[in-house]
Amino acid sequence: MSSAPTPLVDVIIPVHTTARPVDRAVGSVLAGGLPVGGRGGVHITVVCHNVRAALIRDRLPVRQRPLVELVECFDGTANPAAPRNLALERSRARYVSFVDSDDTLAPGALAAWTAIAERHGSAAVLPRLLRGGGGVLRTPVPRPFRRADLDPVKDRLAYRTTSLGLLRREVLAARGLRFQGQYATGEDLGLTARAWFGGGRIDLAPRRAHYVVHDDADGRITTGERPLAEDLAAFTDLLGGTWYAGLAAAQRTAIAVKVLRVQLLGAVHARAAQAWTGADTETCRALLRLLDRVGGPALEVLPRADRDLLDLVVRPGATAEQVLEASARRRCFGRPGTLLPRDPRWALHREAPLRFMAASLLV
C-alpha cells in the first residue's frame, strides 16, 4: 500500500460470512461518485473476519475483484471491533467510511460527503439513515433546519452512536479513537461519543446522499440474547469514566438522557420479552444510581410514563408481564404521560418530550 497513491477515502467493509451480500455493498460504493484508486479516489477494503479471503473473493462478481483489497482478520470473536480497527490502522486515506456488509450507499453519496468535508474541514459528515424496508432512523435529532456545523448538545448528536458516514482519519488518530472489542454490543460508543463531543466540526450530508440500513440478512453480528448487564456495559463504563466526568454539565446531561431513553429503556423492553430476574433489577438499580450521581437532571426531563417504568424495574419482585405492560404504555406516544415530565418546570427542556419529538418529526 505504501507505493500506491494515497486515496482520498478508504471505505471499510467488514464481513464475517459468505452469506452476507458484500457484493451489493461494494457495488454501492463503486456508484458513490468517486473514482477507484488514485490520489483523489476511493480505496475499498473488505476485511474478512474469521473467514478466508478466497471465500469472500468468490462472493464478488469478476468485475469487482480487481477493485477491492481483501484483508484477513482472525481473532476468534464475533465482535466487529477487531476488523474495523485493523483496517483503520492500515489506512492512509484522508477520510474513512465504515459500511456494514448488509448495507448500501445512495448513488453519489461518497462524492457528496467528501465535497462537504473538503469545503468545511469537517471532522465528520453524517448521512441520513434509511431502512431498506422503508422508514427513517431519526438520529441525530438536530435543531429544526440545522444541517451545518452542528453543536453536540443543541443538535443532540449523542443519539448517533454508529460510526456510519465519513470520518476524518487524522482526527481519530490524534485522539487515539478505536472501537472497543471488550463489549458484546456498543463497541462504537466510545469512538463516536469522543468524536462528536471532541470539538471538531460535524456536518450533515444532503438528504439524497443517504445510507441504507438493510434488514434482509439473517441477523447482524452483534444481535443475540445476553444478560442485561452485558447489553449495558459499554454505556455504564462510559458514564463512570474520567472522559465523561470531564465534560461540561450540559454535555453530560445530553449523553445521560440518551442512555436512559434509548439504551436502558430499549434493553429493558427486549429483556422483559424473554424474562425478568432479580439480576436485571440490580442492573437497572446500579445504572440509575450512577445516572443520578453524574447525569444532572437527566431523570427529571423524562416523561411520566418513562419514570413509571424506571420505578417499576428497580422494585423487588417486578415481573416480566408488569415490565412489558409499563413499557408498552410509554410507547403510546401523544398521551399526556408520554409528553410531560413529572415536574412541569422541565417540560420545555431540550431533551424533554415536547421539543425532542417536534425536532424528531422534522428529521
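This is a predicted model: local features need pLDDT of at least 70, side-chain atom pairs count only at pLDDT 80 or more; totals for chains, interfaces and linings use all residues.
**Figure 1**
Asp149 has a phi near 50 degrees, a positive value in a residue that is not glycine. Its relative accessibility of 38% makes Asp149 partly exposed. Phe145 lies in the loop between β8 and β9 as well, and Phe145 too is a non-glycine residue with a positive phi, about 70 degrees. With a relative accessible area of 76%, Phe145 is exposed. The loop between β8 and β9 also holds Pro140. The peptide bond that leads from Thr139 to Pro140 is cis, and its omega is near -5 degrees.

**Figure 1. The aromatic pair of Phe98 and Phe179.**
A pair of aromatic rings is described by how far apart the centres are and by the angle of the planes. The model has 2 aromatic pairs. In the pair of Phe98 and Phe179, the ring centres are 5.0 Å apart and the planes stand at 85 degrees; because planes over 60 degrees apart count as edge-to-face, this pair is edge-to-face. Phe98 belongs to strand β4 (residues 95-98), while Phe179 is in the loop between α5 (169-174) and α6 (189-196). The pair thus links distant parts of the chain, 81 residues apart. Phe98 counts as buried, at 2% relative accessibility. Phe179 is buried too, at 4% relative accessibility. Arg84 has its charged end over the ring of Phe179, 5.1 Å from the ring centre.

**Figure 2. The aromatic pair of Tyr159 and Phe356.**
Tyr159 and Phe356 form a tilted aromatic pair, with 5.0 Å from centre to centre and 40 degrees between the planes. Tyr159 is found in the loop between β8 (136-137) and β9 (166-168), and Phe356 in helix α14 (residues 353-361), so the pair ties together parts that are 197 residues apart in sequence. Both Tyr159 and Phe356 are buried. The charged end of Arg261 sits over the ring of Phe356, at 4.4 Å from its centre.

**Figure 3. The contact of helices α9 and α10.**
Helix α9 (residues 249-272) and helix α10 (residues 278-294) have axes that come within 11 Å and cross at roughly 170 degrees. How do the two helices run relative to each other, roughly parallel or roughly antiparallel? Angles over 145 degrees count as roughly antiparallel, so α9 is roughly antiparallel to α10. On the α9 side, the contact is made by Arg252, Ala256, Leu260, Leu264, Val268 and Arg271. On the α10 side, Asp280, Cys284, Leu287, Leu288, Leu291 and Val294 take part. Sorted by class, the contact of α9 with α10 has 9 nonpolar, no polar and 3 charged residues. In general, an α-helix has 3.6 residues a turn, so residues three or four places apart point the same way.

Val29 is part of helix α1 (residues 22-30). Is Val29 buried or exposed? Its relative accessible area is 0%, so Val29 is buried. Apart from neighbours within four places in sequence, Val29 is in contact with Val11, Ile13, Val42, Ile44, Leu105 and Leu110. Asp75 is 46 residues away from Val29 along the chain, and the C-alpha atoms of these two residues are separated by 27 Å.

**Figure 4. Helix α6 and what packs against it.**
Helix α6 is mostly covered, with 7 of its 8 residues buried. These buried residues are Leu189, Gly190, Leu191, Thr192, Ala193, Ala195 and Trp196. Which elements do the buried residues of α6 pack against? They pack against the strands β6 (124-126), β9 and β10 (202-204), and against the helices α5, α7 (228-239) and α8 (242-245).

**Figure 5. Helix α11 and what covers it.**
Helix α11 (residues 304-313) is also mostly covered: 7 of its 10 residues are buried. Ala305, Asp306, Arg307, Leu309, Leu310, Leu312 and Val313 are the buried residues of α11. The cover over them includes α9 and α10, together with α12 (320-330) and α13 (336-339).

Definitions and conventions
Residues are numbered from 1 along each chain as its sequence is written. Side-chain values use heavy atoms; hydrogens and water are left out. Rings of Phe, Tyr and Trp (its six-membered ring) pair if their centres lie within 6.5 Å; planes under 30 degrees apart count as stacked, over 60 as edge-to-face and the rest as tilted. Helices (H or I, at least four residues) and strands (E, at least two) are DSSP runs, numbered from the N terminus. Buried means under 20% relative accessible area, exposed over 50%, partly exposed in between (1.4 Å probe, protein chains only). A charge sits over a ring if NZ of Lys or CZ of Arg is within 6 Å of the ring centre and within 35 degrees of the ring normal. Axes are lines fitted to C-alpha atoms, for helices over the stretch in contact, and angles run from 0 to 180 degrees between N-to-C directions. Angles under 35 degrees count as roughly parallel, over 145 as roughly antiparallel, 65 to 115 as roughly perpendicular and the rest as oblique. Contact means heavy atoms within 4.5 Å. Ala, Val, Leu, Ile, Met, Phe, Trp, Tyr, Cys and Pro count as nonpolar, Asp, Glu, Lys and Arg as charged, and the others, Gly among them, as polar.
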